[in-house]
Amino acid sequence: MTPEASGNKPVEAALPSIEPVDIPEAAARGLVTDQPAPPYPASAKGQQGTVVLQVLIGRDGTVQDAKFLQGSLAFARAAIDGVKQWKFKPYLMNGRPVSVQAPLTIPFKPPS
């Protein structure tokens, strides 16, 4: 396969090299279409807390991966499992969907 003399590549060829695109939490929250509340873990015994996750959202709007960044370890697994159920609108860059990553803060309060 010989490269074009001009060195120009189609836009699609460049996308994988810039993905995932880092976006702020507010932008990611604006893309949420379905956000079931993560279940409150029984092991937390009435505590409340917050977990910050780094979430990888695929081109199709599904959560591909979620990693614990900081917060209460009592809620980390519930936050990761819960966020993986969320759905997002695809993030568009130059009119094409791209994968993105963003921090998401998940608060937990005991059920009342």
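Visitor: Which residues touch the most other members of the largest nonpolar core?

Guide: This is a predicted model. Its largest nonpolar core holds 25 residues, and β3, β4, α3 and β8 each supply at least two residues of this core. The members that touch the most others are L53, V55, V83, W86, F88, L104 and I106.

Visitor: Is W86 buried or exposed?

Guide: W86 sits in the loop between α3 (73–83) and β5 (87–88). A residue is classed as buried under 20% relative accessible area. The relative accessibility of W86 is 2%, so W86 counts as buried.

Visitor: To which residue does the backbone oxygen belong that lies 3.0 Å from a polar atom of the side chain of W86?

Guide: Leaving aside neighbours within four places in sequence, W86 is in contact with R29, V32, D34, Q35, P36, G61, V63, L104 and I106. The backbone oxygen at 3.0 Å from a polar side-chain atom of W86 is that of P36.

Visitor: What is the phi of G61, in the turn of the hairpin?

Guide: Strands β3 (residues 49–57) and β4 (residues 63–71) pair in the antiparallel sense over 7 bridges, with I57 opposite V63 in β4. The two strands form a hairpin with 5 residues between them. G61 lies in that turn, and its phi is positive, about 90°.

Visitor: Which strands stand at the edges of the open sheet?

Guide: The open sheet has 4 strands in the order β1-β8-β3-β4, with mixed pairing. Each edge strand has a single partner strand, so one side of each is left without a neighbour in the sheet; the edge strands are β1 (21–22) and β4.

Visitor: Which residue in β8 stands opposite D22?

Guide: β1 and β8 run parallel and are joined by 2 bridges. In β8, the residue opposite D22 is Q101.

Visitor: At what angle does α3 run to β3?

Guide: The buried residues of α3 are F75, A76, A78, A79, I80, G82 and V83, and their cover includes β3, β4 and β8 (100–108). Not counting residues up to four places away in sequence, L53 touches A79, I80 and V83, among others. The helix α3 lies across β3, β4 and β8, and its angle to β3 is about 35°.

Note on methods
Residues are numbered from 1 along each chain as its sequence is written. This is a predicted model: local features need pLDDT of at least 70, side-chain atom pairs count only at pLDDT 80 or more; totals for chains, interfaces and linings use all residues. Side-chain values use heavy atoms; hydrogens and water are left out. Buried means under 20% relative accessible area, exposed over 50%, partly exposed in between (1.4 Å probe, protein chains only). Contact means heavy atoms within 4.5 Å. A polar contact is a pair of N or O atoms within 3.5 Å; within protein, one must be able to donate a hydrogen and the other to accept it, and residues adjacent in sequence count only if both atoms are side-chain atoms. Two strands pair if DSSP finds at least two bridges between them. Axes are lines fitted to C-alpha atoms, for helices over the stretch in contact, and angles run from 0 to 180 degrees between N-to-C directions. A nonpolar core is a set of buried Ala, Val, Leu, Ile, Met, Phe, Trp, Tyr and Cys residues joined through side-chain atoms within 4.5 Å.
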